[in-house]
Amino acid sequence: MKDAMEGFFQVLADSTLVGVYLFKGCKFRYVNAALAKIFGYTPEEIVGKLGPLDLTYPDDRELVSGHIRRRLRGEVGYMRYTFRGLRKDGGVVYCESFGRYTEYEGGPAIVGTLVDITERKRVEEALHKSRKVCHTLLNDVLDSTNVGLFILGPDFRVVWVNKALERFLGLRREEIIGKDKRQLIREVLKYIFEDPHGFEERVLATYDANTYIESFECHVLPGPGREERWLEHWSRPIKSGLYAGGRIEHYYDITERKRAEEALKESEEKYRVLTESSLTGVFIQQDGKYVFVNEPFARMHGYEVGELVGRDYLDLVHPQDKSMAQHIVSMELGGGMAAKEYEIRRLTKDGRVIWCRMMAVRIKYRGRPAIMGNVIDITDRRELEGQLRRSVGRLRRILEGAVHAFASAIEKRDPYTAGHQKRVAQLARAMGQEMGLPESQVEGIHLAGLVHDIGKISVPAEILSKPGPLNEAEFGIIKAHPQVGYEILKEIEFPWPVAEIVLQHHERLDGSGYPQGLSDGEILLEARIIAVADVVEAMASHRPYRPALGIDKALEEIQRGKGTLYDP
């Protein structure tokens with residue numbers, strides 16, 4: 001179980017924003033992505049290759065080395081200290097480390113967390129350099145930070161607090177400024193902080209001695225206008241300047257860090273609760289065998305827990321999905337991929353096939369690599385998706401049938417152009433496929449092509465079949481057919497902009513088309529494709545007023561109008 005927990009700790013550590021590390025000998029044995037990012041590395045560039053001193057600024061290596069020796073000798077338990085870190089690019093980052101002694105693989109090691117406090121350091125340095133800065137600058141700078149600040153005058157009366165501190169304590173400035181800090185602690189703050197006596201003693205003793213105070217943690221109790229928080233308190237005397245003889249106190253919000261530390265400490269209990277009470281199936285497999293499964297996982301497959309421990313993991317995988325399962329395991333064990341979801345078919349004890357969603361990650365179990373995974377039965381959802389796909393397919397076939405009926409209605413009124421819409425649709429579809437458009441978009445082009453002349457249903461048959469040239473009035477009626485087609489189709493909820501394609505199929509790039517006189521980018525790509533297909537098919541086919549001109553003439557027309565009338 002201990003090794004299983006290590007795997008769980010790793011999963012948990014990889015999900016936190018706090019740096020987490022395990023150090024043994026002279027090298028890191030584990031760091032999470034957050035810690036590696038602080039120093040500009042990836043975890044793979046650090047683990048087994050670098051040690052703490054490699055990530056420490058040269059002037060601070062003796063300090064860090066001393067802390068490491070003390071903890072490895074067991075002289076201290078939990079220990080927090082700050083140091084300057086050295087990034088991969090040579091930059092300096094200020095860090096705070098919190099760690100403790102532990103036993104790992106039979107020997108002494110250190111496990112802990114690390115936080116980037118560079119921004120905090122910058123704030124402190126800015127405060128040191130701001131001794132003569134006016135109150136306006138204090139308002140602008142100090143109110144913008146998330147660090148709570150007290151500034152005390154020589155008489156230890158509060159002369160400044162910032163907005164962050166107001167928020168932390170749930171107090172207004174007028175309730176704080178001008179008050180004696182000793183009195184404030186005894187009359188107000190003791191009701192805000194848990195363990196008020198310890199807080200009062202430590203702070204007041206420092207005031208009396210006028211010395212620097214090491215940081216300590218304060219637990220803010222929830223109350224009117226404030227949330228429960230953990231704050232880290234620092235205090236130091238002001239040696240010179242406007243408030244010489246006074247003090248400056250910093251309160252850093254460390255609530256998230258405390259939560260992360262508590263999560264690490266309590267991870268074993270959480271792991272037990274999660275696995276035993278989870279509705280999700282959880283398993284650990286090693287060397288091709290299940291070494292741990294929880295009750296939901298066993299029940300999902302129709303087994304008792306004892307029947308699965310020690311069993312080959314592929315026994316529960318559908319034969320057609322075994323190669324995928326082996327690939328996932330191989331990739332995870334080979335380098336540990338980022339957690340990814342898979343859908344896979346599995347087998348129950350009675351031979352039923354179930355669809356499952358699975359997520360697997362690489363962990364350490366009993367000191368060796370293993371795979372821990374979560375499994376959810378999605379069989380019912382897959383069945384519903386299948387029913388939905390079949391229903392959509394039936395509706396699409398009905399829709400396509402209606403489109404073909406529209407096309408047939410037009411062609412029966414105009415025997416000279418019988419088959420024109422169908423041939424335009426086929427040619428437009430081939431053009432879309434040649435252009436590499438998505439299949440769904442090509443399908444929409446094809447359907448629009450089948451009904452692109454549906455508006456001609458409003459044109460008198462004698463005009464459609466007139467053997468000679470059309471007069472201006474007759475041509476005006478013909479030119480209205482895209483708008484009529486749009487009005488017929490606009491209320492039908494196609495998955496594609498069919499009505500707009502029909503409306504625009506006589507538009508031209510230079511704006512000389514109709515009915516709207518659109519140009520270039522205003523014309524849908526689908527409409528531009530059908531425009532070319534329409535011209536080619538019309539010229540290559542027989543018309544009442546002329547014989548077929550042939551494909552060569554049609555291609556000459558397309559070439560002549562390339563870039564002006566038609567999309568190049």
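Because the model is predicted, local features are described where pLDDT is at least 70 and side-chain atom pairs count at pLDDT 80 or more, while totals for chains, interfaces and linings use all residues. Residues are numbered from 1 along each chain as its sequence is written, and side-chain values use heavy atoms, leaving out hydrogens and water.

A nonpolar core is a set of buried Ala, Val, Leu, Ile, Met, Phe, Trp, Tyr and Cys residues joined through side-chain atoms within 4.5 Å. Buried means under 20% relative accessible area, exposed means over 50%, and partly exposed lies in between (1.4 Å probe, protein chains only). The largest nonpolar core has 25 residues, and Ala428, Ile445, Val451, Leu489, Val498 and Ile530 have the most contacts inside it. At least two residues of this core come from each of helix H16 (420-434), helix H17 (439-450), helix H21 (498-504) and helix H22 (525-540). Helices (H or I, at least four residues) and strands (E, at least two) are DSSP runs, numbered from the N terminus. H17 gives the largest share of the core, with five residues. Leaving aside residues up to four places away in sequence, Ile530 touches Val424, Ala428, Ile445, Ala448, Gly449, His452, Ile501 and His505, where contact means heavy atoms within 4.5 Å. Another core lies apart from this one and has 23 residues, including Val293, Ala298, Leu316 and Tyr342.

Helix H16 deserves a look of its own. At 1.5 Å a residue, its 15 residues should span 21 Å, and the end C-alpha atoms are 21 Å apart, which agrees; the expected span is 1.5 Å times one less than the number of residues. His420, Gln421, Val424, Ala425, Ala428 and Gly432 are buried in H16. These residues cover an arc of only 130 degrees around the axis, which puts them on the same side of H16; the arc is that of the directions from the helix axis to the C-beta atoms. An α-helix has 3.6 residues a turn, so residues three or four places apart point the same way. Exposed residues Lys422 and Glu434 sit on the face of H16 turned away from its buried side. After H16 comes Gly436, with a positive phi near 80 degrees.

Five of them form an open sheet in the order S12-S11-S15-S14-S13, with antiparallel pairing; two strands pair if DSSP finds at least two bridges between them. Strand S12 (289-293) and strand S13 (341-347) stand at the edges with a single partner strand each, so one side of each is left without a neighbour in the sheet. S13 pairs with strand S14 (residues 353-365) in the antiparallel sense over seven bridges, and Arg345 stands opposite Trp355 in S14. Lys364 also has its place in S14, and it counts as partly exposed because its relative accessibility is 31%. Although Lys364 and Gln286 are 78 residues apart in sequence, their C-alpha atoms are 9.5 Å apart in space.

Another antiparallel pair joins strand S3 (residues 79-86) and strand S4 (residues 92-104) over eight bridges. Here Leu86 stands opposite Val92 in S4. The hairpin has five residues between the strands, and Gly90 in this hairpin takes a positive phi near 90 degrees.
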